[in-house]
Amino acid sequence: MKKLPYLGIKKEQFLFVLHSILCNFVGDIATMEMKYDIVVVGGGHAGCEAATAAANLGARTCLVTMDMNKIAQMSCNPAVGGIAKGQIVREIDALGGQMGLVTDATTIQFRMLNMGKGPAVWSPRAQCDRAKFITTWRETLDHTDNLDIWQDQVEEICVENGKITGVKTIWGVDIKARCVIITAGTFLNGMMHVGRKQVEGGRCAEPAAHKLTESIERQGIRSYRMKTGTPVRIDRRSVHFEDMERQDGDRNNYKFSYMGEGKNLPQLPCWICYTNEEVHNTLRNRIDDSPLYNGQIQSIGPRYCPSIETKLVTFPDKDRHPLFLEPEGTDTNEMYLNGFSSSMPIDCQLEAIRHIPALRDVKVYRPGYAIEYDFFDPTQLQHSLESKVIDGLFFAGQVNGTTGYEEAGGQGTVAGINAAIKCSGGEPFVMGRDESYIGVLIDDLTTKGVDEPYRMFTSRAEYRILLRQDNADERLTEKAYRLGLASRGRYDWWLEKKEAINRIINFCNTTPVKPTTVNSTLEKLGSTPLSSGCKIADLVARPFVTIDALADCLPKLKSVIESPANRKDEITEAAEIRMKYKGYIEREKEVAEKMQRLENIKIKGHFDYASLHEISTEGRQKLIKINPETLAQASRIPGVSPSDINVLLVLMGR
C-alpha cells in the first residue's frame, strides 16, 4: 500500500484518523451547551434591534443568525423611512436604538416627505448604501457589551411546563435561555417564485428555515402564510439617464438621529421613468404565467405595494405607472427599480422593461421574485410582544405579519426591552397609541390581527399631531433613560434640545414687535400687515410665516435661534411647530386624556365572556380570542361594538 509521503502513514490509516477526529468534533457540537439570559433568533432589522436593546439593558444576549456577513440585510429597497415609517425610526432612536444612527452613517440621499402638508405627516426618508449599512450594523453589534453572535440556524424551541428554556440548532447546539425572541423574517419555510419556477429560500441565494415553524406550532401557536415581492436589479451602465427625470435629495441638515455625525457619504440622485402600453401589453400577454394569477401563490400580498402585474389588473384604465430607479450604493453599479415588483417569468420581465425608453438596452443582475413565508397570528401576543401561550417567548418583525424594516426594528426594540425586563423581574414596557407609532403598530397587531402584510401609515394613528417626527425624543427619551436604555449622553442631548426649544418659544411669547419693523416682511410672505403691535408668537402662528423669515428683520430673534448653532434648523423647526399648531396639539391631548380613562380600566380576568349573553355573539367570540387587558383595547377590537363596551362598563359599575 502506497504511503502518504507528507504524513508517513497509509491512506487507510489517515482516513480512519480523520474520520475519528470529525466524529469527535460532531459529537462535541452535539453535546455543546451555551447559556444566556436571552437568545434572539434571526439577524434582520428586528433581531439586531432586539439584541442590542437587551444587551444594553444588561442581559447576557446571544444573536443566532445564518450568515454573519448579511446582518440587517436590506432584502428589498435599500432605503429607510417614508410615510409614518420615518417617525418609527425617530422613535427607535429616541428609545436608544440603533437604526437611525446606522442610517445616518450610510445615507446617500435624504428627503423629508409631505412637506407641502401639515407637520403631522412630515416623514423623513433616506436612501442608503446597502453594503455599508450591513457593515455598519455589524460593527455596532461587535461593539455592544453583553452580546455574542452565533452563526447557525435554529430549528426547535425548547419548552418545559409552558415556559421557554432555550433553542436547538441544526448543528445540535443547545442554547439555554430565560427568554427567546423569534425574528426570523421571511425565512420560515420560505418559497420564492419566478414565473412557474419555485425555489425554496428565505430570500435570493439564501436557504429557507425548516422545522422551526412546526416546533412552535406544536406548542399551540397558530401560523399562516403571507407573500411579498421585490423588483429586478439593474446595471446602471446600461441605463439611458437622459431619458429620465432626475430626483435629488433635500439640501439641508436633516438626519434621523439627533446624535451622530450625519451624512458622510456622497449624496446621489434617484431617477424617475414610466411604464407604457407596450410594457403593459407584454405583461398582460403572459399573465397566465404569473404565480399570482395561475393559482401557484395562495397567500395574500401587500395591498399598498402591489406588483406591476397586480397594478395592471387592479387599475386597467391607467396607461402608465411611475417607476423610481434608485442607487444601491456609492461603490456599485447595481440599481433598484422601485415600482416594478414582479414574479413574472424572467424573459417576460426583461422584455417588458426594455420597452421603457430609458431602459431599452438594460442589463439586469437578477429578476424580481415573489416569496411566501410563515407568520404567526399576532393576536396571540401580549402588548409586550410576549406570547400568551408560552412564558418567555417573544415575537418581532415579519413573523408577526408586518412588512418593512422600520416596523420590524420598532418591534425588535420593544421585544428586546421587555425580554430584558422579564429577566430582571420588572413590569412590561408598553407604549400607548398617543405615545408612539410603535405603540399604534403593536396595539393594532395584538388587538386587530392581520389579514395582509401590515404597513404603518399616518392614517392608522388617531393622534397624528402628537406623534410628529420632530418630537420623538420629547415623547420617549426620558422613558428610555429611566429604563436604562438611552445613555446619559443621549439624555443630555435631549435636555439641551428641550432647553433650546423652550428658549425660542419663551422669547416669541414675550417679545413684542411693531408694525413698522415687520410689515414689509409680512407683505413679501403674502400675509396681512399689522395695524398694531403684537407678540412674535402671534406672527409665527400665521400661515406661511416662518421663524427664519422673521429673523431676517428681527436681529434679537436671529441671535436666539442661532444659539446653540448645533442643529439650529431642527430646533427652530420644532419650536415653530409647537407655536403654529398649539391649538391643535392641546385639543388632541385632551382627546387622548379622555381615552386614557378607558386605558386605565383593567378588564383582563374580570369576565367570563362566554357567559355574557348581553354582549353580541361576535363580540363574545372576539373578546374570548383576544382577551384584552383594558377596556380601551377591547373597544378597538373589530367586531366588538360600542354597545358591547357599554355593557362591560355597566358590569364594572362605571
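In this predicted model, the side chains of R138 and D142 meet in a salt bridge, with 3.2 Å from N to O. Both residues belong to helix α5 (residues 130-142), where they stand four residues apart, about one turn of the helix. R138 has a relative accessibility of 21% and therefore counts as partly exposed, since the cut-off for a buried residue is under 20%. D142, at 46%, is likewise partly exposed.

**Salt bridges**

Side chains of opposite charge can pair when their charged atoms come close. In total, the model contains 50 salt bridges. One of them joins E326 to R125, again with an N to O distance of 3.2 Å. E326 lies in strand β17 (residues 322-327) and R125 in strand β7 (residues 123-128), so this pair ties together parts that are 201 residues apart in sequence. Both partners, E326 and R125, are buried.

A further salt bridge connects E570 with K497. This pair also links distant parts of the chain, as E570 is in helix α18 (residues 568-580) and K497 is in helix α13 (residues 488-510), 73 residues away. E570 is buried, with a relative accessible area of 10%, and K497 is buried as well, with a relative accessible area of 1%.

| Salt bridge | N to O distance |
|---|---|
| R138 and D142 | 3.2 Å |
| E326 and R125 | 3.2 Å |
| E570 and K497 | 2.8 Å |

**The sheet around strand β7**

Strand β7, which holds R125, is part of an open sheet of three strands in the order β5-β7-β6, with antiparallel pairing. The edge strands β5 (79-81) and β6 (107-113) each pair on one side only. From one strand to the next, the twist averages 15°.

Strands of a sheet pair through backbone hydrogen bonds, either parallel or antiparallel. Between β6 and β7 the antiparallel pairing extends over six bridges. Q109 stands opposite Q127 of β7, and M112 has P124 of β7 as its bridge partner.

How many of the six residues of β7 are buried? Six of the six are, so the strand is largely enclosed by the rest of the structure. In a regular strand the side chains alternate between the two faces of the sheet. Both faces of β7 are covered: S123, R125 and Q127 are buried on one side, and P124, A126 and C128 are buried on the other. Helix α4 (residues 99-106) lies across β5, β6 and β7 and runs at about 115° to β6.

Just after α10, G425 adopts a positive phi of about 85°.

Two packed helices are described by the angle between their axes and the distance between the axes. For α10 and helix α11 (residues 437-448), the packing angle is about 85° and the axes are 10 Å apart. This makes α10 roughly perpendicular to α11, because angles of 65 to 115 degrees fall in that class. On the α10 side the contact is made by E407, G410, Q411 and V414, and on the α11 side by I438, L441, I442 and L445.

The loop between α10 and α11 contains F429. Is F429 buried or exposed? It is buried, with a relative accessible area of 9%. Leaving aside neighbours within four places in sequence, F429 is in contact with L95, V414, I417, N418, I421, K479 and L483. Of these contacts, V414 also takes part in the packing of α10 against α11. F429 and L483 are 54 residues apart along the chain, and their C-alpha atoms are separated by 8.8 Å.

Definitions and conventions: Residues are numbered from 1 along each chain as its sequence is written. This is a predicted model: local features need pLDDT of at least 70, side-chain atom pairs count only at pLDDT 80 or more; totals for chains, interfaces and linings use all residues. Side-chain values use heavy atoms; hydrogens and water are left out. A salt bridge is a side-chain nitrogen of Lys or Arg within 4 Å of a carboxyl oxygen of Asp or Glu. Helices (H or I, at least four residues) and strands (E, at least two) are DSSP runs, numbered from the N terminus. Buried means under 20% relative accessible area, exposed over 50%, partly exposed in between (1.4 Å probe, protein chains only). Two strands pair if DSSP finds at least two bridges between them. Axes are lines fitted to C-alpha atoms, for helices over the stretch in contact, and angles run from 0 to 180 degrees between N-to-C directions. Contact means heavy atoms within 4.5 Å. Angles under 35 degrees count as roughly parallel, over 145 as roughly antiparallel, 65 to 115 as roughly perpendicular and the rest as oblique.
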